[in-house]
Amino acid sequence: MSLPFAEPYKIKMVESIHRSTLKERTQWIKDANYNLFNLLSNQVYIDLLTDSGTGAMSDKQWSAIMSGDESYAGSRSYTELKDAVADIFGMPFFLPTHQGRAAENVLFSALVKENDIVPGNAHFDTTKGHIEFRKAQAIDCTIAAAYDTHIDHPFKGNLDLEKLEQVITEHGAKNIPFIVVTITCNTAGGLPVSIENMKEVKQLAEKHNIPVLIDSARFAENAYFIKERESGYKDITIIEIIREMFSYADMMTISAKKDGIVNIGGFIGMKDEDVFKKSTVFNILFEGFITYGGMAGRDMAALAQGLYESTDYHYLESRIKQVAYLGSLLSDAGVPVQKPFGGHAIFLNALEFLPNIKREEYPAQTLAIELYKEAGIRGVEIGTIMADRDPVSRTNRYPNLELVRLAIPRRVYTNNHMNYIAAAAIRVWERKDEIKRGYEITEEAPIMRHFTVKLRPLS
Ligand SMILES: *Cc1c(COP(=O)(O)O)cnc(C)c1O
């Protein structure tokens with residue numbers, strides 16, 4: 001018998017979480033206007049709202065917090081982080097920012113102008129937002145398989161090279177400031193991009209003299225999938241895979257709140273000094289001086305440590321396998337979940353889960369509320385509420401899928417928690433026929449309505 005996977009760490013500090021009663025939760029979700037973002041954290045037992053900034057730091061990261069250097073300029077902690085970025089990603093130029101979207105704001109201020117075209121694989125919403133805010137256009141070039149839940153493909157985050165070339169030919173390389181490769185592809189369910197695809201994208205980009213930007217939030221999880229799934233990488237270490245991945249990029253932006261395993265932070269990495277100089281101006285304007293840019297010295301020190309911890313194979317194995325463990329518990333019980341499982345979350349397919357609920361009554365939101373009421377678990381709707389209204393017709397935009405995302409924070413929950421989550425979802429699944437009506441919106445914001453929307457149950 002081979003040995004099973006287990007976490008390569010033990011627990012030194014714990015935080016209490018509380019189970020509540022159905023009666024309490026029924027009242028709390030009503031008080032929250034049936035919007036899970038309005039719940040207080042102490043009304044939630046297991047919080048799967050996001051894996052961003054919710055990870056647990058290690059003892060070494062906490063010691064880095066204590067010894068961080070808070071000098072305004074030339075901080076030792078800045079140098080530590082700069083050295084880590086050069087060592088892991090091969091990016092000699094670097095600017096810290098307070099989180100991922102701030103890195104986008106700074107870099108795009110330097111590089112993106114009106115009418116530009118930015119092709120990529122299912123751009124993350126803030127990335128797209130920062131492109132469109134500058135009156136430029138983001139064009140999705142993800143492979144078609146990414147949007148077909150019935151196709152099994154090891155790298156559903158890949159870019160379609162033909163489509164990419166077509167976009168370049170149609171719009172002209174001079175109107176394309178860079179191509180974005182998002183790893184793992186968050187919008188497509190945390191699915192990875194292969195190293196072969198990254199290499200081919202870089203070759204195509206080079207032919208047209210276009211730089212490549214890696215949106216790197218889950219760089220380590222992507223490297224793990226390459227090691228497990230791509231031929232020729234089984235015996236290559238994670239850090240070597242990461243170095244090769246970033247050899248096919250000219251720049252990177254990163255939200256360090258994911259694979260950096262810190263609670264706040266981000267940065268830009270660059271190979272070109274000119275891009276660095278241009279970005280520096282905006283970094284000082286928006287974030288802070290170049291040697292701290294929106295981060296405290298202690299946070300930079302914790303991040304430098306976190307980046308290395310994230311490249312540990314046994315950590316990644318336990319992380320990804322924990323997510324898959326939850327996915328398999330659900331799938332084995334017949335609960336409709338998206339496959340293959342991604343690196344950071346499991347997605348419940350609400351259209352198959354609650355076929356009685358009409359699209360206009362928000363099946364994914366209904367399911368997320370039921371899961372909360374059942375067991376105090378907070379997931380997030382990725383469906384019609386999040387998709388917003390069409391800006392012109394103001395009617396609801398119905399996306400292809402109605403999903404409830406259960407994002408797993410890093411190093412926070414045990415597999416007993418996974419058992420609990422699965423049991424709760426299976427209980428809802430068993431009483432799905434009793435769930436006959438969904439919700440209607442009583443109040444909503446003109447954009448990004450999901451954060452503040454108010455709802456009312458229909459009966
Ligand atoms: C989270 C994320 C961002 C934005 O980062 P924030 O730290 O939330 O500002 C950008 N791109 C990807 C792929 C992300 O996952």
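1. Aromatic pairs. In this predicted model, the count of aromatic pairs comes to 16. One of them joins Tyr72 and Tyr292, whose ring centres are 4.9 Å apart and whose planes stand at 70°, so the pair is classed as edge-to-face. Tyr72 sits in the loop between helix H2 (59-67) and helix H3 (76-89), while Tyr292 sits in the loop between helix H10 (273-286) and helix H11 (297-310), so this pair ties together parts that are 220 residues apart in sequence. Tyr72 itself is exposed, because its relative accessible area of 55% is over the 50% cut-off.

2. Ring cluster. Ring pairs also link Tyr78, Phe89, Phe94, Phe219, Phe246 and Phe267 into a cluster.

3. Charges over rings. Lys227 lies over the face of Tyr313, at 5.3 Å from the ring centre, and Lys258 lies over the face of Phe124, at 5.3 Å from that ring's centre.

4. An oxygen atom of the ligand is 2.7 Å from an N or O atom in the side chain of Arg101, and an oxygen atom of the ligand is 3.1 Å from an N or O atom in the side chain of Arg218. At Gly100, a polar backbone atom is 2.9 Å from an oxygen atom of the ligand. Taken alone, the ligand exposes 380 Å², of which the protein buries 97%.

Key. Residues are numbered from 1 along each chain as its sequence is written. This is a predicted model: local features need pLDDT of at least 70, side-chain atom pairs count only at pLDDT 80 or more; totals for chains, interfaces and linings use all residues. Side-chain values use heavy atoms; hydrogens and water are left out. Rings of Phe, Tyr and Trp (its six-membered ring) pair if their centres lie within 6.5 Å; planes under 30 degrees apart count as stacked, over 60 as edge-to-face and the rest as tilted. Helices (H or I, at least four residues) and strands (E, at least two) are DSSP runs, numbered from the N terminus. Buried means under 20% relative accessible area, exposed over 50%, partly exposed in between (1.4 Å probe, protein chains only). A charge sits over a ring if NZ of Lys or CZ of Arg is within 6 Å of the ring centre and within 35 degrees of the ring normal. A polar contact is a pair of N or O atoms within 3.5 Å; within protein, one must be able to donate a hydrogen and the other to accept it, and residues adjacent in sequence count only if both atoms are side-chain atoms. Accessible areas come from the Shrake-Rupley method with a 1.4 Å probe; for residues, only the protein chains shown count as cover.
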